[in-house]
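Please consult the sequence and structure shown next.

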Amino acid sequence: MTDILQIENLNIHFRTAEGSLSAVHDLSFSVKKGETVCVVGESGCGKSISALSIMGLLPENGHIAQGKILFEGTDLLSLKPDQMRKMRGNKISMVFQEPMTALNPVFTIGYQLREPLRIHQGFSKKQAHVKGIELLKQVGLSLPEQRMKQYPHELSGGMRQRVMIAMALACHPQILIADEPTTALDVTIQAQILDLINDMKEQLGTSVVMITHDMGVVAETADRVVVMYAGEIVEEGDVETVFNDPQHPYTKGLLASVPKVEGELTQLQAIPGSLPNLGEAIVGCRFQSRCPFAMDICRSQAPPIYEENGHQTRCWMKEGESIADNIVPS
Amino acid sequence: MSALIIRRFIQMIFLLIGISFIVFISMHLAPGDPASIIGGPTATKADILGIRQRLGLDQPILVQYWNYLVGLLHGDFGVSFQTQRSVAAELFTRLPNTINLAIASVIVSVIIGIPAGIISALKQNSWLDVFSTTLSLGGISIPNFWLGAMLILVFAVHFQWLPVGGLDAPFWTLQGFKEMILPAITLGTGSAAMIARMGRSSMLEIIHSDFVRTARAKGVKERVVIWVHCLRNAMIPVITVIGLNFGFLLGGTIITEQVFAINGIGRLMIESIGSRDFPMVQGAVLLVAAIFVFVNLVVDIVYALIDPRINYD
Amino acid sequence: SSSGASGGSASSGGSGSSGKAQEMTFAQTSKVVGLSPTMTNDSVSQNVLNQIYETLFTRDPETMEIKPNLAKSYETPDDKTWVIHLNKGIKFSDGTPLNAEAVKYTFDKLRDPKTGAPRASLLSAVDSITTQDDLTVVIKTKKPYGPMLAALSHGNSAIISPTADKKQDLMKKPVGSGPFMLKEWVPGDHVTLVKNPDYWKGPAKLDKVTFKVVPDVNTEISMLQTGQVDFIENVPSEQWDRVQNLKGIKTTKKAGTAVSYLGFNLRREPMNNLEFRKAISYAIDRDAYVKQLNGLGTKSNSIIGPKIFGYDKSAESLGYDYDPEKAKQIIKENGWDGKQIDLLVANTAAYMQMGQIVQDQLKKVGINAKIRTMEWGTFLDVSKQDKFDMTFLGWSNSTADGSELLYPNLGGDNIGASNVVAFNNKKFNTLVDESRYTVDQDVRKEKLKKANELAIKQAPWVVMDHGVVTGAYKDDIEGIDILPTGDWFLYNVSRK
Amino acid sequence: MPTTLFQVKNVKKHYPIKGGILRRTKSEVKAVNGVSLEITKGETLGVVGESGCGKSTLGRAILGLEPLTEGQLIFADQDITQLSRRQLKPFKREMQMIFQDPYASLNPRQRIGAAIEEAIKIHNPMNAKQRREKVLSLLEEVGLKREHYGRFPHEFSGGQRQRIGIARALALQPSFIVCDEAVSALDVSVQAQVLNLLKKLQSKYELTYLFISHDLGVVRYISDRVLVMYLGNMVELAPSEALYENPVHPYTQALLSAIPRTVPNKERERIKLMGEIPSPTDPPKGCAFHTRCPIATELCSQSKPEWRAVGEGHYAACHYVGEELNA
Amino acid sequence: MQPEVTQADVVIPEPKKASHKISQTFKKLLKYKLAVVGLIIIGIQIVMALGANWLTSYDPLTQNLSLVNAPPGSAGHWLGTDNYGRDMWSRLLYGARISLIVGFISVVVGTFFGVLLGLLAGYYKFLDGLIMRLSDLMFAFPGILLALLIVAVLGSSLTNVVIAISIWSIPSCARIVRGSVLSVKKQEYITAMRSLGSSDRRILFKHILPNCTAPIIVFATMHMATAILSTSSLSFLGLGAEPATPEWGAMIAAGQQFMWQAPHMVIIPGIAIMLVVFAFNVVGDALRDLLDPNMKKQG
Ligand SMILES: Nc1ncnc2c1ncn2[C@@H]1O[C@H](COP(=O)(O)OP(=O)(O)OP(=O)(O)O)[C@@H](O)[C@H]1O
Ligand SMILES: Nc1ncnc2c1ncn2[C@@H]1O[C@H](COP(=O)(O)OP(=O)(O)OP(=O)(O)O)[C@@H](O)[C@H]1O
Ligand SMILES: [Mg+2]
Ligand SMILES: [Mg+2]
C-alpha cells in the first residue's frame, strides 16, 4: 500500500493578542490508501487545526510555519489557492464535528448537496439533483426526494451528519477527514454513523483520517492510531499495538481514564493536572508536569521519537528499554 | 404566515387606538388652543368662542374622543381645523412624497451601506476598513439639517447640478429623479452608516461560522462563499436595521422635508402641531404608526423568506 | 398619481427658460390655509387672496390713503350710516355679477356668529346691511365708527361670490372678482393661479403665478438664487446682506405698519410700577438692537408707527430713551437690584433675538431676566393669561389704522385677549373710543395722537422697532409694490 | 435497612408549545411522562438515555426548579410538591445540583469565593469570617487551593471549574445532589479526576446522588442503580451490575451494544437501531420505543407496556420482557 | 521547576491578576486605532467642560453688539464672535459642558428606566407582553412628535429636551436589555442560583444585571452620541435649549441663518458635534466588539 498523504514536520502558529503561539510542533504521520488513521488526544491538543491545515482552511490568524503536506506526492502547501480549492471536496473532503452548525441554515439540503457536484464534476443542476438523491439513499436517509427540499433545521442531528457525509463523499474523494463526526450525537446514532463511514470507506476505497478523543471510537474504527498531546505526536502505531501495549505514559493514562462498560469495574486512574497552555514555555517533555514517571531528563530536554516495528513513541523512557522495563506504573 | 399577518393586524388596531388616545388626550391637555391660533392675535373673545363652537371644542373631552373614535372606526379621519379639508385627503396628498423620500433614502442607504459593510468585514482591520468605518461613523455624526444645508450649498447653489428643493415632477422623470437625490442622500446617510456597521459585524460573525468553513471545504469559490453563503445569512440582522430605520426615517423626514421644501407628512405634522390642528395631528400620527407597523410586518415576512428557520405559527 | 406632486405641469421650469413667459413663482415659508377671505386670517393665505378677491376700498401704496376700488364712491349721510356705490359691470370669475346683494351677503356672512369667522370683529360695529339698489349698499353702525373704511379695505372683507359660496367651499375653490383665478392647488405645496381673462379692469399681464411653500428661509433664498423661485418677501435681517448681493436679484424695502414691543404684565409687581417700566426702558439700547436688524426695522418711541393713521412726529421726543445710568439709579433706589424677571419669549427667530439682546442689556443694569421660551401655539395661550412678567409680541396692523392698534392691544376691553399687558387706563380708553366712534378723520387723528402720547408716557410697552417690509425678486420682474401692511398685488406685475 | 430519602411519584413535566393567531397552546413537549422512583439514602442512582429523553428535566423537576405538570415529590417523608418558595427553602439546602457545563454554571462576573459563599449566605447565618473559613476549607476539600478564593471563573480550567461547582453544591452540606452531566464536558483524563472526587465525597459525607449522564461507562462506574429513559418514559431500572450484565429491555440492549468498546478489533454483535428518535411533542402511541424496536409487534404500537419487576430490584417496561423471563 | 506533582495538584493557567477586566478592556480598546482617537476626543471634551472657567476669560453669554460676527482669528477672539458679539471659544467651551451634561443625564435617565423595564420584561413572562407592547407603542410613535408634545406641554427648555430624549431612549434600551436578560436567564448559573434558593431580586440584580452590562454600556455610549445629535435637531426645529444657552446644537441652529456672513458660527459647533458624536460612536463600536462574546473568537 502506498502513502496517499504524508505530513512532514508540520508546525502551525497563531498570531494572537498575546503574540505568536505555536499550536502544533513537528507533526509527522502518513496515511495509506484505504486506511483509517485515528488521531486522538485531549481537547485543545491540536487535532482540528492539523486537519484544517491539510484542507488549507486554517483560521486567518493561523499559518503553517514549516512543514510539508504531500498528497499523492505533491505538496499541498505549494498549490495556488484556486488549485487547492479544486482539491477540496473533490480529492480531499472533510466532515466536521458539529452537525448543527456546519450546514448553511438558509439553503436547502439539495442546494448544498448539489454544490460540490456542480463545482467539481460539472454536473448540471438536474444531474446533480439525481446524484444527490442517490447519495442520500446511500447514507441511509429515508425519503431522499423530500429531504432535498428541506432545510437543515428540519433534520435531526444524526440526519444532518449523514447529509454532511453524503456531501463529503459526493465526489469520491481519496481522503475523508472526519473531525469528531459523532461527538455531538447519541450513542445509537453514533454507531449508525460510524458504520456508515466504514461502509463507505470499504465501497469507495477511501482513506479516512478520523479525529476523536473517544478511545472507544478509535478502537472500533482505526487501523492505525496517532496520539497527540499538546501539539505533538506522543505515540503512533497499529491500533492493537497501541491499545494492548501502550508505551507513552500519556497513552497509558488516557486508556486508564476511560470508564469501561463491560468487564471488571476498576478504580479509574486519572492523569493529574490538565493540558498546558499554548503560550506556556515548556522545557523538556511537554507531558512532564503530569507524568508520574517524569525524570530529570524529561524536565530539561525534549524527548526524541523512538521507533520499534512501526510503533513510535516520544518518551525518554524508551531510551534504552531497560529503564522502561524497570519502571512500572503504580 | 397568515397567522402572523392576522395577529399583527389585530395588534395594530389596538396599537392605533392606544396611540390615538394618547395623542388625543395629550393634545387636548397641552396648552395652546386651536381656536385662538386660527383666530390669531387679533381675535376677540367672541371670535374665539365662535371658532370653538364651530370646531366642536366646547364639548367634554371624552365625548370628543368618543366621536373621533367612532368616526375613525368608520374610516373617517375627520376634518382639519385649519383648512377644513378632509384629513384623509390632506394626508394622502402628502403621503406619496414622504413614502417616496423614505424609500429613496432606504435605497441610498442600502446602496452605500451594504457594500461598505461587506468590504470592511472582508478586509477587517485594513485601512479600507478603517476608512469605511470612519466614513460611516461620520455619516451618523452629521446633524441631518446641517448636511442638507451643505449639500444644497454645494450641489444646488454652487454647481447648480441639482434643484435646491421641492418635489414637483413625478419621480420616474429625470427631473423628479434629480429632485430626489439630495434629500435622499441627506436622509439616507445616517442609516447607510448604521447598515454599514451592522453589515460589518454580522458579516464578520458569519464569515467565521462553521457552515462557511463547510462551504470552503467543499471547494466553493471564495466569491460564491461570500456572496451566496455569507450574504444571505448576514442580511438577517441588517434587515432588522433597515426596518427599524424606516421608522426613524419617517421621523427624519420632518427635518429633511423642512430643509428641502418637500410637502410631506413630517412637515404636515409639525405644522399641525404648531397650529393645534388636532384631527390632522391625530391622522398623521396614526398614519405614520400604521406605516411603521406595516413596514415591520414586511420585515418579518422578508425574514421568513430569507431564513427558513423562522416560523411564525 | 403615485408621485404625489402631481404638479408636473405647474413647475415653471425654474430657471425660466424663455424669458418672455409671463409666469412667476413666489415662495413663502408657510402653507396657504384656505382661500376664503371670510374664513381665514393669516398673511400667507392673504397673499393669494389679494390676487383672487377684491375689497371695496384699497390703500394707495405710497400715501396709504384709502381710495375706492370695487366701490365707485361712498357717502356718510349721518355718522352711523355708510352708503356705498359700486362700480358697474363687475363680474366674479364664475360669471355672476358683483352687486349690492353680493356685498351684503359677504358682510352678513362675515358677521354671523354661526360662521365662526376669525375676523368677524372687523365688522363688529355694524348694525345692519341693506341694499338700496343693485349697486348701492347701506351699512348702518351701532355707534359712529371711524375705522370703517379701513375695515372695508381689509383683505378679510373682500367680496365673495354668493352663488359660488352656496355651491362650494370657497376655502378650496375660491371665486372672486380679482385679476387671477385658482388653477391648481396641492395643499401644503403650492397654489397656482392663472389670469382672469374677463377681469373688469382688463386682464393682468402675468399669465400664471405659483405660490410655493418653502419652509426653510435658507432654502428659499437658495431657490431664489438658482431661479427656482422668482419672488420672496419678509427677508430675515440676517439674510438681507446675502440677498442684496445676489446676482440678478432686485430687492425692495420700505417702512411697514408692524410694531414689535416688550410688554410688561401690568397685573404684577413691580411691572405695575411706572418707575420700574421706565428703568427697563432706559436700560434697553434699542439703537443697538435696530442696528442688529440690518436696516430692517426702525427705531421709534411712538407706539403708533410712522406708517399708521394717527402717527404724529412729536411722539418721537417722548418716551424713555437709552440711558443705562438712569436705569441703574432707579433700580438701585427701588431696591430692584438683582431682581428676577420671568421673560416669556415665543420660539420664533425674531423674538428669540429680542429676548437675548434684552436679557443681556438688562443684566448690565442689574436685572436678571430668565428667558422662558415657548412654542408659538402655547405662547398664544399663555401670554393671554397672567403667567409671565414681561414678554415680546408684535402687531402687524393690516388695516394701518391707529385705532386698530391701540384698541385691541391696549384697550381695557381686550384684557384676557389681545391686550396681553392688561393695560387699563380710563382716560386712554376714552380717547381710543372717541377715535373709533367718530367718522371725522381729523378728530380721530387728534384723539389718537393724545392716546398715543399717554400710552408712551405710561410705558406699558417698550417699542422695540417698527417693521420694514421687504421683498426680493428677479430683476426682470416689474411692477412689484409692497404695501407697508405687507400686502401686494400682482395685477400690474410683468416680466420683461 | 436502607432508608428512602426521596420518593418521586408519577412525575410528569409537559412544556406547552404555543402557536396560532392567539398564541394558544398548540401542543406539548412531553419531556417527562410519568416517572416514579425511590431513592435510597447514600446511593447513587444513575439516569441514562439519549439526548432529549428528559433526563435534565427530571433532575430539575425533582429539585423543584420546574413546577410539575403532575406527580408528587416526597423528601424525607415530607410532601414538598405543593410547598411555597418560602416553605421550600429549608429543603433547598438539602438538595443541590452540579451542572454539566462548568463554564456556564458559574457567573463569569463573580469571584469564585463569592460564588461559593453566596450559597452559604442565602441559608446560613454565619459571619463573614466564618463564611470565608468555610469556603477556604471547601476549596481544599475539592482539590483547589486557598489562593483561588479571589479569582474569576475564566481563570480556571474546565476540571477546576467543575470542582468549584462541586464546592458550591457542598457548601450547604446537602444530603442529596443531582449531577446533571456533571462530567460530560470534561476530557477523559480530567473526567476521571472528578469522578473519583465525587466518589470520595460521597463516602465521606454520605451523599446521595442522582447522576444523570448519557455516557454509560461513566454511569456504570459511579452508580449503584441505573435508570434508563427513553422519550420521557422509564424503560428499565436495575442495580448497576444487573443492568450491564443482563439488560432486558431491547432499548437498553441496543444502547449498550452501541457503545464503542476500548478493545480494538473485537468482533461483537451490535444491535442496529433503525431510524431517528421520535419527537417528544408527538410520541408514538403504545410503547414509545416501538418505532425503532427490532422486536416490536402490533401490540407494542397499541398499548403501553407496564412497569414490571423482572428480578431483584430489576424493573422494565416492555411487553416481551416478562415472557422471556417466563419462557 | 517543580519536581513532583501530586494527584490533586492541578496545573493552572498563568494566574492573571483578577483586578482587571476593566483595565484589560481598556488596554484592548487602545488597540483599536479609531477608538483611541475617540477616547482622545472625549478626553478633550471633558477637559474643555471641566476647565471652561480657566480656558477663557469671556463669559459665554455677554454680548458685544459692536463686535458681531467677527471671523475666527480676530483680535481677542481667536474663534471669532457670533451674531451678538459673544465669544465663540467661550461658548464652545461652555457648550462642551452642556452637551456632556445633556448627553449624560439623558443617557442615565433613559438607561435607568430602560434597564429596569428590560429586566422586568425579560425576567417575568407575565410582564413581558405588557412592557413590550408599550415599547411597540413608543416605537411607532414618531420621536420628534414626542419631543414636540413634551415641549408643547412643558415649554422648550434644555430640561425638557433632556426629558424628551430620555423618554425616547427608554424603549430601545428596554429591548436591548430584555434581549440579553432572556439569553442570560437561560444560562446554567442562573439555574444554579435558583437551585441554591436565591430570591428573584438577588438573581435579577446580582447575577443577571451584571452580565447584561456589556450591551448596556454599548447602548449608553452610542446613545450619548444620539442624544447630543437629537438635541441639535430639536434646536433646529426651535424646540431646543433656551436661546442664549451655548448648547452646540442650538448654536448650529442659530448660526444656520448666518451661514453667509459668518460661516464659522455653524462650522465650529458643527465640527464639535461631529467629532464628539463620532468619538462616542467609535468607542461604543469598539466596546461592542470587545464585550460581545461572539466577536471574541477572532482574538
Ligand atoms: N484561531 C485561533 N487562534 C488562536 N489559537 C487557536 C485558534 N484556533 C485554535 N487555536 C488553539 O490551538 C489549539 C489546538 O486547537 P484545536 O482546535 O486543533 O484542538 P482540538 O484538538 O481539535 O480540540 P477539540 O477536541 O476541543 O476539538 C488550541 O489550544 C486552541 O486554543
Ligand atoms: N423549557 C423548555 N421548554 C420547552 N421544551 C423543553 C424545555 N426544556 C426541555 N424541553 C424539551 O424537553 C425534552 C427533554 O429535555 P431534557 O433537557 O430533559 O433532555 P435531556 O435528556 O437532558 O437531554 P440532553 O442529554 O440533551 O441534555 C427535550 O425535547 C427538550 O427539547
Ligand atoms: Mg477539534
Ligand atoms: Mg440534559
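Does D:Cys300 count as buried or exposed? At 5% relative accessibility, D:Cys300 counts as buried, where buried means under 20% relative accessible area and exposed over 50%, with partly exposed in between (1.4 Å probe, protein chains only). This is a predicted model, in which local features need pLDDT of at least 70, side-chain atom pairs count only at pLDDT 80 or more, and totals for chains, interfaces and linings use all residues. Residues are numbered from 1 along each chain as its sequence is written, chains are lettered from A and ligands numbered from 1 in the order in which they are written, and side-chain values use heavy atoms, with hydrogens and water left out.

**Cysteines**
- A disulfide is a pair of cysteine sulfur atoms within 2.5 Å, and the count over all chains is zero.
- For D:Cys300, the closest cysteine sulfur belongs to D:Cys287 and lies 5.8 Å away, too far for a bond.
- A:Cys171 is also buried, at 5% relative accessibility.

**Ligand 2: surroundings**
- Ligand 2 is surrounded by 14 residues, each with a heavy atom within 4 Å of it; D:Ser51 and D:Lys55 are among the closest.
- By class, this shell holds five nonpolar, five polar and four charged residues, with Gly counted as polar and Cys as nonpolar.

- Polar contacts are pairs of N or O atoms within 3.5 Å.
- A side-chain N or O atom of D:Thr57 lies 2.4 Å from an oxygen atom of ligand 2.
- A backbone N or O atom of D:Gly52 is 2.7 Å from a ligand 2 oxygen atom.

Technical notes: Polar contact = N/O pair within 3.5 Å; in protein donor to acceptor, adjacent residues only side chain to side chain.
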